[in-house]
Amino acid sequence: MGLEQYKGDMDMCCRCSACKFIPMQKVKGLQYANACPSIAKYNFHAYSGGGRLNIGAAMLKDGMKYTDKLLDIVYNCQMCGACGVSCNYAMDMEVLEPISEFRIQCVADGKTNPALDKVIGNLRKQGSMVPGAKSQRGAWAAGLNVKDAAKEKVDVLYHVGCLTSFDKNMQKMARATVKILQKAGVNFGIFGNAETCCGGRAYQMGYPEDFLAQARKNMAMIKKAGVKTVVTGCADGYQAFKVLYDRFNLKGDLKVLHISEYIDILIRDGKLKPRRKVNMAVTYHDPCRLGRLGESWVHWEGKKIPGDRFVYDPPKPYRRGTNGVYEPPRDVLKAIPGLKLAEMTRIKEYSWCCGAGGGVSESNPDFARWTAQDRIEEAVSTGAGAIVTACPWCEKTFIEAIKDSGSNMKVYDIVEIVEKAI
Amino acid sequence: MIAKEKLVKAVGAGNVSYDEAVLDEYASDISFVNSVRPVCVVQPRNTAAVHKLVKLANDTQTPLVPISSGPPHFRGDTVPGTGGAVIVNMGGMKKIINVDRARRVAMIEPGVTYGELIPAAEKEGIRLNMPLLPRKSKTVVGSMLEREPVIMPKYQWDISDPLACIEVIFGSGDEFRTGQAAGPGTVKEQWAVGGIQKAPYGPGVASWHRLIQGSQGTMGIVTWASMRCEILPGLEEPFVVGSSNLETLLEMTSWLIRLRMVNECFILNNTNLAAIFARKWPKDYQAIKDALPTWTLFYNLAGYEYYPEERISSYITDITEITQRLGVEAVKAVGEVSANEILKAVQQPSAEPYWKLRYKGACEDIYLLTIHDKLEGLIGVMNDQADKAGYASSDLGIYIQPIVQGTGYHCEFNLFYDPDNPSERYRVKGLSAAAIKNLAAHGAFFSRPYGESAGMILNRDAATVAILNKLKGMFDPNNVMNPGKICF
Amino acid sequence: MALKKEVYKEFESVVGEENICDDPAIMPSYYNTEFAAVILPGNTAEVQAVVKLCNKHKLMFRPICTGWSGMFPKDIILLDLRRMNHIIEINEKNMYAVVEPYVISSQLQAELFKRGLNFCIKGAGTNCSAMLRGHGHMDQTTSGDDRNHLAIEWITPAGDIVRSGALGSTDDWFCGDGPGPSLRSILTSAVPPGVTPGVFTKAAVKLYHWPGPSAYSLQGVSPHYSLSEIPPNMMARYYSFPSVEKMWQAELAIGEAEISFELMGFNISMVAANITTSNEEEEETFNRLNKEVQGPGFFVIIAGNSAADFAYKKKVLEKIVSDASGKSLKAVEDPRIEGILMAQCTRISASIRETFRNGGAFNSIPIMGQRDLTIKWAIGAGKAKEPLIEKGLIVDDGGAFFGWGVEQGHLGKTEIFCKFDPQNAEAKAAVEEWQKAQNRRAFEERYFASTMGPQDKIGPALCNYDKWWSKLVKSIDPNGVSPEGGSLV
């Protein structure tokens with residue numbers, strides 16, 4: 001059982017509640033101290049990271065005992081990893097991994113969520129996490145003169161992602177990205193209609209086999225096309241290519257960059273010069289899978305050393321969110337003349353999730369919107385007029401929350417801001 | 001009623017008195033409570049005697065009224081609330097059990113006065129956090145059990161300070177030691193291993209000493225108490241700040257205490273300051289009073305073992321920033337009263353006659369606890385009440401003592417009057433009752449309810465009274481301990 | 001045992017469907033105990049209504065805040081106070097704050113820092129309730145135990161609302177005592193086995209001046225937070241001494257001189273734990289630092305209210321340390337490490353790294369009270385750890401203990417613990433035996449009596465306090481609905 005390998009970690013949970021909050025020294029007051037949307041909304045300890053570990057430990061010992069409540073707990077988790085960052089400030093133990101394994105176990109036992117089954121069904125048919133025919137995946141690029149990476153030699157593959165490809169509101173991000181890359185003179189291409197889902201969200205949702213199927217498809221296409229670098233504007237895609245593919249030994253030498261990282265490089269190399277003033281007061285939202293969950297996978301194998309400490313031989317390097325992509329998007333924003341950046345309280349490795357992860361945007365849209373609403377309020381509190389992020393799933397969820405609340409806050413992808421400035 | 005021979009057997013023949021003159025002394029006090037004569041006065045000399053007394057009281061349903069301080073009494077709590085009572089005068093137990101410099105603690109029996117303990121403590125290099133100018137006959141244990149405010153708020157971390165541990169014989173007859181003193185082992189066994197009786201909390205989760213404090217002898221009889229002491233300063237520099245604007249002085253006081261810069265710290269109005277320092281009446285008093293500002297803040301800076309001059313000097317620098325910001329000046333004298341005089345006076349009990357009695361022979365105290373924002377308003381209410389009753393508010397003595405490191409204020413009104421003048425007495429009695437009622441209605445907290453107003457005060461908080469009654473039922477099931485006091 | 005449907009519905013009608021749950025799925029996260037239900041009340045009125053229902057149906061209940069520690073019987077109603085998370089008031093002039101149970105210390109402290117104020121955060125960590133009774137690293141300045149509570153709002157086991165002190169008479173939070181005897185005598189939260197029955201729904205806590213910054217200037221990414229600068233007029237150091245006696249001499253002098261904002265008698269193992277970000281790094285650092293210290297020591301933070309005040313305190317500190325032959329640990333003189341410890345000890349309270357990271361468990365003997373006496377006892381308890389260390393059953397911390405002064409050394413706290421892997425049955429048994437033996441020695445040699453020991457022995461040795469407590473509990477809990485045990489941590 002996948003969960004078995006995390007027995008020690010789950011047993012280590014001492015129920016300190018740190019996982020519910022952002023790191024203690026980062027708390028700025030009564031407000032915006034919560035890190036975990038799940039327990040912030042549902043309040044029972046079972047919904048916290050630690051609570052999930054307690055449940056995992058018990059059920060590993062006594063067998064899985066499925067109830068509607070258990071499934072409610074399992075599926076109302078954005079798998080955002082904030083619990084792990086807070087925990088791992090002090091503790092050496094896995095947090096998100098056992099939570100993920102528990103989800104995978106539920107799916108394997110047939111205890112799925114119908115909404116997520118539907119999404120996966122579509123994935124299997126159309127290679128996409130959102131509704132849309134395969135044959136229309138590349139339609140957004142009409143008239144933009146973008147190279148087909150499968151047919152022409154390119155230095156960079158721009159992996160657009162499902163939501164950006166199919167969602168009418170998000171397609172502008174793809175177009176903005178194309179404009180930016182063309183302006184910078186990058187030799188890039190897309191797979192167009194042949195592009196298929198990275199599989200990342202399928203893994204989050206608890207469907208590892210579907211993820212692997214997608215991963216293999218993607219890597220086959222990439223290998224065939226001879227692509228050495230993939231750039232994506234979707235944080236889920238970024239994490240899939242960079243972290244998950246590597247984890248399952250599929251990535252090879254492929255270099256993976258988020259568009260914000262790439263733009264940062266292009267600006268530093270002088271290939272992109274944001275000269276036009278963009279007079280805006282903005283705040284930046286760190287997507288979970290670009291930030292804390294976007295740090296590289298660390299291949300490690302070892303055994304617990306028997307004795308008084310929870311230590312391994314060789315020593316186990318924990319991924320604590322330290323090496324996520326935090327500065328490049330900020331550096332990009334700082335390079336834009338006229339733009340004023342005000343930080344929220346919950347940022348970087350302890351950023352508050354937008355609400356969309358873990359399949360929640362599909363399985364419980366109300367919860368996703370509730371989570372996003374909290375974020376929008378936090379953004380408003382900075383005095384900013386716009387929230388900038390780097391993932392279409394974040395943007396979509398924010399837009400829906402703003403619509404519900406009637407707030408004046410604007411939402412931009414980082415590429416939209418850059419597009420304005422070049 | 002306890003038979004005489006049993007009393008004699010319990011405490012010793014020389015320690016029982018049925019003398020009418022003596023009984024009359026205990027039948028009333030300076031307060032306005034009804035006069036109730038006790039049937040006798042006993043003076044136990046040790047804990048075993050107290051044990052026996054309490055058992056006898058339970059056997060015969062005889063009320064016991066414990067006291068420790070000598071007269072004159074002011075609060076009415078030492079006057080029996082019912083007939084047939086026995087006064088248990090603990091004033092005969094006068095041992096200073098220990099004074100410990102290293103652990104800054106002293107342990108004393110109930111009869112020890114401030115005048116007796118202060119030099120004993122000084123000899124060891126420590127000093128007491130004491131109330132303002134207690135009378136000569138006031139005992140240290142008595143004061144601490146009453147939760148009297150102390151003049152060094154910096155060193156009052158908790159309202160129970162400076163009290164540490166106590167040994168008490170409950171009304172049930174059970175012996176109990178609170179805090180660290182509870183055990184394991186006897187006090188002597190604890191000493192043998194290096195223990196002293198200082199940590200006040202416990203045993204267990206309760207802090208039992210808090211139940212005895214403020215109980216006016218209704219829970220049991222204390223046979224010794226320990227108290228935390230502070231180090232004697234090596235250097236002291238007192239100051240006064242005069243002003244007609246109380247708010248300014250309160251603002252300054254709050255910062256002095258918040259920054260922990262001052263030891264003794266309190267505010268007196270001109271009436272009280274004059275009453276304390278006048279030698280001749282009424283000329284001297286009037287002259288001093290006329291030369292004083294309405295309000296005087298007194299504070300003392302202290303240095304200890306390490307570079308005391310530098311410590312005081314840095315405090316003076318920092319305080320000057322505060323005074324400049326507030327537009328006042330810290331000086332060495334106000335009118336004819338010097339800061340040094342005040343310091344010298346307040347580090348001792350009051351000289352005789354007791355300062356509150358010098359002016360007119362009697363004094364009715366009204367005191368309450370409140371917060372910064374309410375204080376001036378309450379003083380206004382009191383002034384109105386006084387004027388209404390024909391007692392000139394300008395004759396009111398007012399003493400403001402920050403308590404518990406600045407979390408609140410003890411505000412005390414001293415109503416001086418001639419006890420031999422029936423109309424003055426009558427006026428003050430009426431004023432006292434009306435004022436307490438009005439002050440309570442305006443949000444004054446009477447945490448130490450005495451006399452006839454106690455019922456009205458306690459009626460405001462039925463829920464607390466319900467719990468107190470349960471506690472009373474436990475510790476004094478036969479209600480022999482000072483019945484008729486508080487809500488019992 | 002499941003609640004009857006109609007009883008469940010009664011509770012549900014008070015708190016709402018989403019705030020009550022009896023599904024077995026949630027129970028592993030609640031101490032792996034089968035509670036009759038877990039209920040999330042939102043305010044005092046809901047707590048009162050729930051407690052009254054418990055009395056009506058003769059159901060036992062216990063409350064928790066963040067709920068880090070707990071021992072509860074099964075089949076009771078567990079009140080998870082998470083929804084009661086408001087700061088009611090911060091009164092700067094009168095130096096108190098009023099909180100509900102689930103405001104964590106970190107939240108309250110952050111609000112206080114903005115106002116130049118601070119309060120007693122507990123050793124359990126700022127991830128725990130701000131409302132707790134307890135003691136922590138800053139006790140020199142911020143006191144501890146039950147001495148920081150002012151007024152308390154309490155739902156009795158019978159379902160009555162009692163507001164202590166001024167709160168009950170004049171709606172003021174500044175005083176929890178009176179009229180007459182103080183109910184703070186019995187209103188206290190503490191670690192098991194005894195806590196005040198009923199539920200605290202609000203409490204006022206004392207505040208203290210904070211000379212430090214309105215917020216620390218943190219830099220770095222977790223787990224490598226450090227300060228970009230040491231705040232003005234603040235300094236942190238670790239001093240070791242050639243003997244316990246010298247250390248105590250310095251500790252006492254520092255208290256009497258009133259110069260330390262914080263004095264934390266860390267042993268070097270705890271220093272290593274706090275400044276490192278993994279178990280391996282901790283072990284290496286401990287081994288290295290252990291060679292640099294000459295004996296037991298403590299960590300000190302001084303904080304001046306002004307430059308002059310800081311200069312004075314620094315001068316006195318250096319003199320006291322020098323007089324006691326103390327040596328400053330070079331590692332902590334490095335501003336990066338100095339800043340980590342400073343922030344850790346004032347803003348987090350350090351606890352998790354130094355207690356749970358190693359093995360996931362530790363058993364400790366904490367004693368509040370007289371510092372010199374408990375140090376004397378702890379030396380022996382530390383020696384008794386050595387055989388366990390040699391056998392590899394507990395983490396090697398040199399057999400150390402730790403502690404600190406409280407209220408400028410008037411009171412104190414000493415604690416000694418063993419860190420171990422709770423899955424290792426031999427280690428667990430050995431640690432429990434060590435705990436029993438040392439508690440027994442403390443009792444027999446008259447140092448102190450841990451009230452976590454067997455009550456039939458401890459009670460009589462401590463003036464039968466347990467009988468009085470038991471009587472009290474019975475009188476305020478006539479239906480027996482608020483059992484002993486549990487905690488509000």
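Q: How far apart are the closest N and O atoms in the salt bridge between B:Arg104 and C:Glu256?
A: This is a predicted model, in which local features need pLDDT of at least 70 and side-chain atom pairs count only at pLDDT 80 or more, while totals for chains, interfaces and linings use all residues. Side-chain values use heavy atoms, with hydrogens and water left out, residues are numbered from 1 along each chain as its sequence is written, and chains are lettered from A and ligands numbered from 1 in the order in which they are written. A salt bridge is a side-chain nitrogen of Lys or Arg within 4 Å of a carboxyl oxygen of Asp or Glu, and for B:Arg104 and C:Glu256 the closest N and O atoms lie apart by 3.8 Å.

Q: Which helix of chain C gives the most to the side that touches chain B?
A: The rule finds 13 salt bridges across the interface of chain C and chain B. There are also 41 residue pairs in polar contact between these chains, both residues being at pLDDT 80 or more; a polar contact is a pair of N or O atoms within 3.5 Å, where within protein one must be able to donate a hydrogen and the other to accept it, and residues adjacent in sequence count only if both atoms are side-chain atoms. Helices are DSSP runs of H or I with at least four residues and strands are runs of E with at least two, numbered from the N terminus. On the side of chain C that touches chain B, the most residues, eight, come from helix α9 (residues 307–323).

Q: How many residues on the side of chain C that touches chain B are charged?
A: Ala, Val, Leu, Ile, Met, Phe, Trp, Tyr, Cys and Pro count as nonpolar, Asp, Glu, Lys and Arg as charged, and the others, Gly among them, as polar. By that division the side of chain C that touches chain B has 39 nonpolar residues and 28 polar ones, while the charged residues number 24.

Q: How much area do chain C and chain B bury between them?
A: Contact means heavy atoms within 4.5 Å, and here it takes 91 residues from chain C and 90 residues from chain B. Of the two pairs of chains in contact, chains B and C share the most contacts. Buried area is the accessible area (1.4 Å probe) that two parts lose on being put together, summed over both; for chain C and chain B, 59% of it is on carbon and sulfur atoms, and the total is about 7,600 Å².

Q: Which residues of chain A lose the most area to chain C?
A: This contact takes 56 residues from chain A and 66 residues from chain C. The two chains bury about 4,900 Å² between them, 58% of it on carbon and sulfur atoms. Together accounting for 16% of what the chain A side buries, the residues that lose the most are A:Phe44, A:Tyr89 and A:Arg309.

Q: Which residue of chain C forms a salt bridge with A:Lys304?
A: Across the interface of chain A and chain C the rule finds one salt bridge. With the closest N and O atoms 3.5 Å apart, the partner of A:Lys304 is C:Asp421.

Q: How far apart are the nearest C-alpha atoms of chain A and chain B?
A: Chain A and chain B do not touch. The separation of their nearest C-alpha atoms is 22 Å.

Q: What is the radius of gyration of chain B?
A: Chain B has 17 helices and 19 strands. The radius of gyration is taken over C-alpha atoms, and the globule rule is 2.2 Å times the number of residues to the power 0.38. For 488 residues that rule gives 23 Å, so chain B is as compact as a globular protein of that length, its own value being close, at 22 Å.

Q: Is B:Val381 buried or exposed?
A: B:Val381 lies in helix α14 (residues 372–388) of chain B, and, leaving aside neighbours within four places in sequence, B:Val381 is in contact with B:Asn438, B:Leu439 and B:His442. Residues count as buried under 20% relative accessible area, exposed over 50% and partly exposed in between (1.4 Å probe, protein chains only). Because its relative accessible area is 10%, B:Val381 is buried.

Q: Which residue has a side chain joined to that of C:Glu415 by a polar contact of 2.7 Å?
A: C:Glu415, found in strand β20 (residues 411–420) of chain C, counts as buried at 10% relative accessibility. The 2.7 Å polar contact joins its side chain to that of C:Ser364.
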